[in-house]
Amino acid sequence: MIDFHCHIDLFPDPSALIKELEVTGIYVLAVTTTPKSWGHLQTLLQQSKRIRCAIGLHPELVAERSREVEEVCALMSETRYVGEVGIDGSPNLRSSFELQREVFDRVLKQSSSLGGKILSIHSRRAAPAVLDALSDQPGYGSAVLHWFSGTQKELLRAIELDCWFSVGPAMLCSEKGRLLAEKMPMHKILTETDGPFAQLGGIPAKPIDVSVAEAALAAIWKVSPKQASEQILQNFRCLIG
Ligand code: MN
């Protein structure tokens, strides 16, 4: 199984979760929200075979931490994975919208100058701005739009731009999320949890909960959960090359 967007460092006991994951054999992309948390997590993950750590600067933190983008860019040469990055257009973040856009552009430019990275991207209420930024910066690498919640029209544009999508239990529990997932190309989908932010039955989602997303995708694709799981693993291999 694959959890392509999980905030391992924000669980109460990251070391315990990492040990648990080593036993279950789930592949995890551990996204981070600041360069500092990337440094900590990177140290914890040195021995890990299946957990990779992405360097990020969460759009909700850009208002206070925009200067840290230079640190992010400097550290990007040390990893193939970047995230969580992106733009959030929620009303409470409106004052930092332009700054978020500049920071995201900076990250994409750096990604491009380093030959292309794999990016886990946040686009809540900002899909047009995120897609504009991606199309302005060819060569950035591969974009994985995490928990995409734009319109059907925005989804079509994302597909045209060759984006990938990571979908989780929380998204697939909603009618709108399911309708979007139905239109996403089967070969461009990965699973995620966005734990511990996203919850499942009132409890922070853990990587093991991607099984719920696999079952939902199996129903959408009209295949068995095992076939869905194999498809996602194949997609993952294709993405990482
Ligand atoms: Mn997240």
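Helices here are DSSP runs of H or I with at least four residues, strands are runs of E with at least two, and both are numbered from the N terminus. The structure before you is a predicted model, in which local features need pLDDT of at least 70, side-chain atom pairs count only at pLDDT 80 or more, and totals for chains, interfaces and linings use all residues. Residues are numbered from 1 along each chain as its sequence is written, and side-chain values use heavy atoms, with hydrogens and water left out.

I begin with helix α11. Just after α11, G241 takes a positive phi of about 80°.

Which residues of α11 are buried? They are A228, Q231, I232, N235, F236 and L239, where buried means under 20% relative accessible area, exposed over 50%, and partly exposed in between, with a 1.4 Å probe and protein chains only. Seen down the axis of α11, these buried residues fall within an arc of 140°, so they line one face of the helix; the arc is taken from the directions from the helix axis to the C-beta atoms. The face turned away from that buried side carries the exposed residues K226, Q234, R237 and C238.

I turn next to the metal site. The protein donors of the manganese ion are H5 (NE2), H7 (NE2), E84 (OE) and D194 (OD), at 2.2 to 2.3 Å from the ion. Donors are N, O and S atoms within 2.8 Å of the metal (3.2 Å for Na, K and Ca), and sites may look incomplete, as water is not among the atoms. H5 lies in strand β1 (residues 2-6) and D194 in the loop between β8 (189-191) and β9 (199-200), so the pair ties together parts that are 189 residues apart in sequence. H5 is buried, at a relative accessible area of 0%, and D194 also counts as buried, at 7%.

Finally, α11 returns in a lining. Four residues from α11 make up the largest share of the lining of the second largest pocket. A pocket is an open set of points on a 1 Å grid over the protein atoms alone, where a 1.4 Å probe fits, with protein on both sides within 12 Å along at least five of seven lines; lining residues have an atom within 4 Å of a point. Of the 14 lining residues, Y27, R50, R52, F236 and I240 lie nearest the centre of this pocket.
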